[in-house]
Amino acid sequence: MNSYSFLITLFIHLEHPVFSEQDFYQVKACCSFNGPNFNHVEYIVRASFNKNNMKEYNSTRGNWIGFTNYSIVYSNLSNISPYDALERAMEKQLLCNDNIQVIQTI
């Protein structure tokens, strides 16, 4: 990273601090491996707003599930989008399947 991009990044982070009284949105993704050679891979994405679970994607089910009225509607829209399904498949491939060899050695 050169010094200009570092300074721009620093300025952006100082402009929008993480710890504030404002709303907080967080997305977590994890891979679960099962089987003798990690044959079964499950990719889970959880989205939360102000520490309340809003929606969850599970690659075994292949769809989003909403936990509030707003997130149920938003999950239904995400489930019918063909681009969202492609994006989740790409994320699972990049984050989980491509790293199986690294995880097996740990």
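Apart from neighbours within four places in sequence, Asn 97 is in contact with Val 41 and Lys 92, where contact means heavy atoms within 4.5 Å. Asn 97 sits in the loop between α3 and α4. Helices (H or I, at least four residues) and strands (E, at least two) are DSSP runs, numbered from the N terminus. With a relative accessible area of 29%, Asn 97 is partly exposed. For the classes, buried means under 20% relative accessible area, exposed over 50%, and partly exposed in between, with a 1.4 Å probe and protein chains only. Asn 97 and Glu 42 are 55 residues apart along the chain, and their C-alpha atoms are separated by 9.9 Å.

Before going on, the ground rules. This is a predicted model, in which local features need pLDDT of at least 70 and side-chain atom pairs count only at pLDDT 80 or more, while totals for chains, interfaces and linings use all residues. Residues are numbered from 1 along each chain as its sequence is written, and side-chain values use heavy atoms, with hydrogens and water left out.

Now the overall layout. The chain has 4 helices and 4 strands, and along the sequence the pattern reads α-β-β-β-β-α-α-α. Of its 106 residues, 23% count as buried. Among contacts between residues at least 6 apart in sequence, 27% join residues at least 24 apart.

Next, the cysteines. How many disulfides does the rule give? The count comes to 1 disulfide, the rule being a pair of cysteine sulfur atoms within 2.5 Å. The partners are Cys 31 and Cys 96, with their sulfur atoms 1.9 Å apart. This pair links distant parts of the chain: Cys 31 is in strand β1 (residues 25-34), and Cys 96 is in the loop between α3 (82-95) and α4 (100-105), 65 residues away. The torsion about the S-S bond of Cys 31 and Cys 96 is about -75°, so the disulfide is left-handed. Cys 31 is partly exposed at 26% relative accessibility, whereas Cys 96 is buried at 0%.

Cys 30 is partly exposed, at 32% relative accessibility.

Cys 96 also belongs to the largest nonpolar core, together with Phe 33, Val 41, Tyr 43, Val 45, Tyr 57, Trp 64 and Ile 100, 8 residues in all. Such a core is a set of buried Ala, Val, Leu, Ile, Met, Phe, Trp, Tyr and Cys residues joined through side-chain atoms within 4.5 Å. Strand β2 (residues 40-49) supplies the largest share of this core, 3 residues. In soluble globular proteins, nonpolar side chains tend to be buried together.

Leaving aside neighbours within four places in sequence, Trp 64 is in contact with Val 45, Lys 55, Glu 56, Tyr 57, Ser 75, Ser 78, Asn 79, Asp 84 and Arg 88.

That brings in helix α3. At 1.5 Å a residue, its 14 residues should span 20 Å, and the end C-alpha atoms are 20 Å apart, which agrees; the expected span is 1.5 Å times one less than the number of residues. The buried residues of α3 are Asp 84, Arg 88 and Glu 91. They cover an arc of only 60° around the axis, which puts them on the same side of α3; the arc is taken over the directions from the helix axis to the C-beta atoms. An α-helix has 3.6 residues a turn, so residues three or four places apart point the same way. The buried residues of α3 pack against β2, β3 (52-58), β4 (63-66) and α2 (69-80). On the other side of α3, Pro 82, Tyr 83 and Leu 86 are exposed.

Last, some backbone angles. Most residues other than glycine have a negative phi, and most peptide bonds are trans. Asn 50, in the loop between β2 and β3, has a positive phi near 55°. Lys 51 lies in the loop between β2 and β3 and has a positive phi of about 65°. Asn 50 is partly exposed at 32% relative accessibility, and Lys 51 is exposed at 78%.
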